[in-house]
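This short report looks at how parts of one protein pack against each other. Please keep the sequence and the 3D view at hand while reading.

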Amino acid sequence: MSADSAVRDDNLQCQIDEIEALSSIYGDEWCAIDEAARVFCIKVSDDIDKPKWTLCLQVILPPDYPSASPPIYQLNAPWLRGAEYMELSNSLEEIYAQNLGESILYMWVERIREFLVEKSRNTDSAENLEPDKRTAEISEDAEEDIADGFHLLRPIQTLFLSDELEDEEELLIKHGEPFTDRRSTFQAHLAPVVTTKQVKLVLNKLYENKKIANATHNIYAYRIYCEDKQTFLQDCEDDGETAAGGRMLHLLQILDVRNVMVIVSRWFGGILLGPDRFKHINNCARNILMDECYIDPVDDSAKSADKKKKQRGKRGK
């Protein structure tokens, strides 16, 4: 047996032992989404009997976890966004960095629970919010996700380890013109990115702006072209606006843009927009890509016209 095979076997056994332990500890809260693909999730609450705050942690265990790689993860909760998302995400990264080569899922789950307990205490001490106010900023169709036990499998995000930012490294972030419809305001932001480290740095920089950090949703998508492998590294985030990130990523794919990240902030104005909200989000993304010369207006129109012709041709057949 080669050394690599031995390491893989050791990792697999560590994963099996860890999953068995977590299943035993958390019971029905722990769920195997796809055991063959090593995809699991757990619903974590601040209080088991009377939960006020709940989120779902989804993880994919790479073949070289825990010896060399961290779990790939996603934090799912309609209310978790902006600064709170970054705070919790950073704390999980710190746990991994402090326990390299060790099984860390139990520590992650308990850290999330501590985060939720602290949030509950802060909320209670600040003011006694009614249940409807605690969920007032949830998007129109997010209630189904909660009621069904977070059944929606959103795009999985890779864990980025924090690196020191060199002083000379600058982030070029452009901001589009705000657009308002029925008191909801949308604004796009764009930044060139060539590494996943830059993606996180862009988010950190944006969240330094209190107005952006306090937006109801900060939806984003990015595409990075890997020259050596001739493939794309791409991902997206709904930030509570179900399916909006996937739609934006699909737009970037259709427009065939690369090495760019687009973020659209939405400030909810109290009036439900229905499907129009997706149109506004993608229009903001398209406009800032056009303004920053990532797409040509003529080529964009030509692609749309060509697509319509193909669709009409299919109907005729």
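## Terms and basis

Helices (DSSP runs of H or I, at least four residues) and strands (runs of E, at least two) are numbered from the N terminus. An axis is a line fitted to C-alpha atoms, for helices over the stretch in contact, and an angle between N-to-C directions runs from 0 to 180 degrees.

This is a predicted model, in which local features need pLDDT of at least 70 and side-chain atom pairs count only at pLDDT 80 or more, while totals for chains, interfaces and linings use all residues. Residues are numbered from 1 along each chain as its sequence is written, and side-chain values use heavy atoms, with hydrogens and water left out.

## The protein as a whole

The protein has ten helices and ten strands. Of its 317 residues, 44% count as buried, where buried means under 20% relative accessible area, exposed over 50% and partly exposed in between, with a 1.4 Å probe and protein chains only.

## Helices α2 and α6

Helix α2 (residues 82–98) packs on helix α6 (residues 196–207) at an angle of about 135°, and their axes are 10 Å apart. The two helices are therefore oblique to each other; angles under 35 degrees count as roughly parallel, over 145 as roughly antiparallel, 65 to 115 as roughly perpendicular and the rest as oblique.

In contact, which means heavy atoms within 4.5 Å, are G82, M86, N90 and E93 of α2 with K200, N204 and Y207 of α6.

## Helices α8 and α9

Helix α8 (residues 244–255) and helix α9 (residues 276–291) pack at an angle of about 40°, with axes 10 Å apart. On the α8 side the contact is made by A244, R247, M248, L251, L252 and L255, and on the α9 side by F278, I281, N282, A285, R286 and L289.

Helix α9 also holds H280, which counts as buried because its relative accessibility is 8%. Leaving aside residues up to four places away in sequence, H280 touches F179, D181, F186 and L273.

## Nonpolar cores

A nonpolar core is a set of buried Ala, Val, Leu, Ile, Met, Phe, Trp, Tyr and Cys residues joined through side-chain atoms within 4.5 Å. The largest one has 46 residues, of which L55, L75, L80, W108, I112 and M261 touch the most other members. Apart from that core lies another, of 24 residues, including A221, M248, V257 and A285.
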